[in-house]
Structures are given as structure tokens and as C-alpha cells.
Amino acid sequence: MSDPFWREQVVQPCLSNDVDNAVAEQKAILAKDPNNAKAYYALGTLSHFKGEIDQAMQYFRKSIELDPADAAPHLSLGRLYAVRGKYEAAWKHARAAEALGARDLVEMLERYPNLK
């Protein structure tokens, strides 16, 4: 049996602190530039790391709204929809990302033909 001290008392607080600092940095960017799609994408990713999936999805949607030509938020949002079993929405974002040159999510979803 392993001692949880290192994970609970050292590693996790450091990771949480790093994520919290990164969130603060992205929010500072948005305070200066509220239309910064990359900052919204970063906040979505950070929210996903924290397990705040609904918040992550909102940030990814905002990133797409501000920069529909960026495939990354489509991929991230599509993956979250797939995990939630919302395959129609997942495919929508997979196709949008594919049109922008990123086939990753399409290829993943194609491996599971019953998800269409």
C-alpha cells in the first residue's frame, strides 16, 4: 500500500496552484482583450483539467464563436460531447474540425460506427 502523503499533500496542491495561476493569467488576458479566443480555449482546457466540464464547454463554445477557424476548440468540445453521449453534437464539431484540417476526432468517432 502506498502512502498518500506525497500525492495529497505535495503533488496535488502544486498542480492545483499551477492551474489556479494559469486561470488567473488567462482571465487577466481577457480583462485586457475580451475577444481573445485563445484565452477562452485555454480556460476551457484548464476547466476540463479541474473537472468543471460544463464550464469548459462554455469556454470552448465562446472560443469557437470568436474564432470559428480554429480547429482546437472544436476538437475539445466534440470530445466532451462524445464522452457525454451526445454523438450528434460530437459529430458536428468533428466535421467542423475536419473542415479546418484536423481529422483526429473524426477518426476517433469512426472507430465506433454505432455512435453516428
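Start by selecting serine 76 and tyrosine 41: their side chains are joined by a polar contact of 3.5 Å. Keep in mind as you look around that this is a predicted model.

Stay with serine 76 for a moment. Is serine 76 buried or exposed? It is buried, because its relative accessible area is 14%, and the cut-off for buried is under 20%. Now show its neighbours: leaving aside residues up to four places away in sequence, serine 76 touches Tyr41 and Phe60.

Those two neighbours lead to the next stop. Select residues 37–49 for helix H2 and residues 53–66 for helix H3. The two axes come within 8 Å and cross at roughly 165°. That makes H2 roughly antiparallel to H3, since angles over 145 degrees count that way. The crossing in which H2 passes H3 is left-handed.

Next, display the side chains where these helices meet. On the H2 side, pick Ala37, Tyr40, Tyr41, Leu43, Gly44, Thr45, Ser47 and His48. On the H3 side, pick Ile53, Gln55, Ala56, Tyr59, Phe60, Lys62, Ser63 and Leu66. Colour them by class and you will find nine nonpolar, six polar and one charged residues in the contact of H2 with H3.

For the last stop, zoom in on serine 63, which sits in helix H3. Serine 63 is buried, with a relative accessible area of 1%. What does serine 63 touch, not counting residues up to four places away in sequence? Select Ala37, Tyr40, Tyr41 and Pro73 to see these partners of serine 63.

Terms used: Residues numbered from 1 in each chain as written. Predicted model: local features only at pLDDT ≥ 70, side-chain atom pairs only at ≥ 80, totals over all residues. Heavy atoms only, no water. Axes fitted to C-alpha atoms, helices over the stretch in contact; angles between N-to-C directions. Helix = DSSP H or I, 4+ residues; strand = E, 2+ residues; numbered from the N terminus. Parallel < 35°, antiparallel > 145°, perpendicular 65-115°, else oblique. Left-handed = near helix turned anticlockwise from the far one by under 90°. Contact = heavy atoms within 4.5 Å. Nonpolar A, V, L, I, M, F, W, Y, C, P; charged D, E, K, R; others polar. Buried < 20%, exposed > 50% of the residue type's maximum accessible area, 1.4 Å probe, protein only. Polar contact = N/O pair within 3.5 Å; in protein donor to acceptor, adjacent residues only side chain to side chain.
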